Amino acid sequence: MKALRPSYKATLLLICLLFLMWGLAMNLMNSLNTSVAYYLNLDGTNAALMQLFYYLAYAAAAIPAALISHRFGFKGGIISSLAIFAIGCLLAIPAANTARTYTSIGFCIFLLALFVMSLGSAGLEANCNPYVTRLGDAKSEAGRINLANAFNGLGSILGPILLSFFVTAVASDPYQATHAAGQFLEDKLQFLGSLKVIYGGMAGTLVLLAIVFLCIKLPHLPCEIDATPEERRARTSFIAPFRHPHYVLGIFALFLYCGIQLSGMTFVGWFAQEEVGVSLGASAFLVGISSLALTAGRFVSVLLLRRMSEYKLLSGFMCCAALFFALACILGLAGLGMIGLTCYICAFFFCSVAYATIFSIALRGLHKSELKIAGALLVTCMLGGGVFTVVLSVFASLTNYAIVLLAYVPALLYISWYAKRGSKIGVAQEDIDPELVVDPL
């Protein structure tokens, strides 16, 4: 059977669906944390292993995914990542079955499932982000990657919504619901059954996507067409991308941003409880509102990028985010916690453009055969979220969560400087302001 060759728009839509899937998986894991801890009788330390296993695998898988992509192309990298992702989802089914009787063993299998899911998710991100940047006109690459990341945000919002349909106890408060009904065992079995439905459905969707990608011909990008094998070997070393100053500065900028976004999402609920006095359930709802603000900002940025350069947009948005985080800190300390919380959430709207845009401009000007390794190294910057969360959590325990927000201000100002100056160091003018269309073959 002859493989179909979709248009660039259809290909971009398929890639956006992949962004949605790994956003869904990540936020689903975060949303399940409290309920898994309760129904499997885990303490806070053991429950935190879910995030630890997920992000460690996420960082570890990026480089191997790039090597697979280099050997078999972006299509091979995407299909293999979808297969690994689906296997991880399927492992959640025996984990739920085992946890019915043997709680500890079931949780260990679930940790393995999350680890495998993360391997697949990281592989998708390591392949899809650089692929989107070169899929079409160079002038609109920042808009494309921001649009794709907006679908990632939609997936993050869909996670809690999906839980509200399948897991009634999670949608409200598992502690209150089970104690009021006095039916802990029945609720536990219902919860574990819902896990099987959710992850089984995700596995089926991933398998269908893998079949679709297997049956189509993805447009070839210049980075997949090197002159000679010798050039390919010389240009795809891990050292090659670090010869570009703007790329090195971009890695640091992305590391800082990942730390800000992931730790900021973790702290928004604690800030609300400490400075406003909201309940545990309301604080969880505020995390969803923050995700909504982040997603809205990504869609708005796609429209703004039609009228202004990504450099100016990123620089301006980072200054605005720094201002709102500073206001949240000052207002929180001044006893105006509700207004401070509003500023906190507004800051995420302006943070929205950072990840995709930094990714795009950091890769700009690199040799075509350096793209896969360079993109994978950027994906490992997700470790910044774990580092920031741990360090700032310790600092917050000694002070409070309002003061912690001040740490974001210099980091955001650095990213603003990077957008305005650092991203242009050593980059040719035609790469900064491309006029020609660099369509694939």
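What percentage of the 441 residues in the protein do buried residues make up? In this predicted model, in which local features need a pLDDT of at least 70, side-chain atom pairs count only at pLDDT 80 or more, and totals for chains, interfaces and linings use all residues, buried residues make up 54% of the 441 residues, where buried means under 20% relative accessible area, exposed over 50%, and partly exposed in between, for a 1.4 Å probe and protein chains only. Residues are numbered from 1 along each chain as its sequence is written, and side-chain values use heavy atoms, with hydrogens and water left out.

The protein has 18 helices and zero strands, these elements being DSSP runs numbered from the N terminus (helices H or I, at least four residues; strands E, at least two). Of the contacts in the protein with a separation of 6 or more, 86% are between residues 24 or more positions apart, a contact being defined by heavy atoms within 4.5 Å. The protein exposes about 18,200 Å², of which carbon and sulfur atoms supply 70%; accessible areas come from the Shrake-Rupley method with a 1.4 Å probe, and for residues only the protein chains shown count as cover.

The pLDDT, the predictor's confidence in each residue on a scale from 0 to 100, averages 80 over the protein, and 81% of the residues score at least 70. Confidence is lowest in helix H5 (residues 168–171), with a mean of 44, and highest in helix H17 (residues 408–420), at 96. Over residues 435–441 the pLDDT is below 50, although this stretch has 16 contacts in the model beyond near neighbours in sequence. Where pLDDT is low, the predicted coordinates should not be read in detail.

A search of the whole structure finds one cavity of 30 Å³ or more, a cavity being, on a 1 Å grid over the protein atoms alone, a set of points where a 1.4 Å probe fits but cannot get out, with lining residues having an atom within 4 Å of a point. The largest cavity has a volume of about 60 Å³, the volume being the space filled by probe spheres set on grid points that are joined across faces, edges and corners. Its lining includes Val36, Leu40, Gly106, Phe110 and Phe191, and the elements that give two or more residues to this lining are helix H2 (44–99), helix H3 (103–133) and helix H7 (184–215). By class, the lining of the largest cavity has nine nonpolar, one polar and no charged residues (Ala, Val, Leu, Ile, Met, Phe, Trp, Tyr, Cys and Pro count as nonpolar, Asp, Glu, Lys and Arg as charged, and the others, Gly among them, as polar).

Isoleucine 157, in helix H4 (residues 141–166), is partly exposed at a relative accessible area of 21%; leaving aside neighbours within four places in sequence, isoleucine 157 is in contact with Asn27, Ser291, Leu292 and Thr295. The C-alpha atoms of isoleucine 157 and asparagine 27 are separated by 7.6 Å, although the two are 130 residues apart along the chain. Glutamine 261, in helix H9 (residues 245–276), counts as buried because its relative accessibility is 16%, and touches Leu294, Arg298 and Phe348, not counting residues up to four places away in sequence. Serine 416, in helix H17, is buried with a relative accessible area of 6%.

Notes
On a 1 Å grid over the protein atoms alone, a cavity is a set of points where a 1.4 Å probe fits but cannot get out, and a pocket is an open set with protein on both sides within 12 Å along at least five of seven lines; lining residues have an atom within 4 Å of a point.
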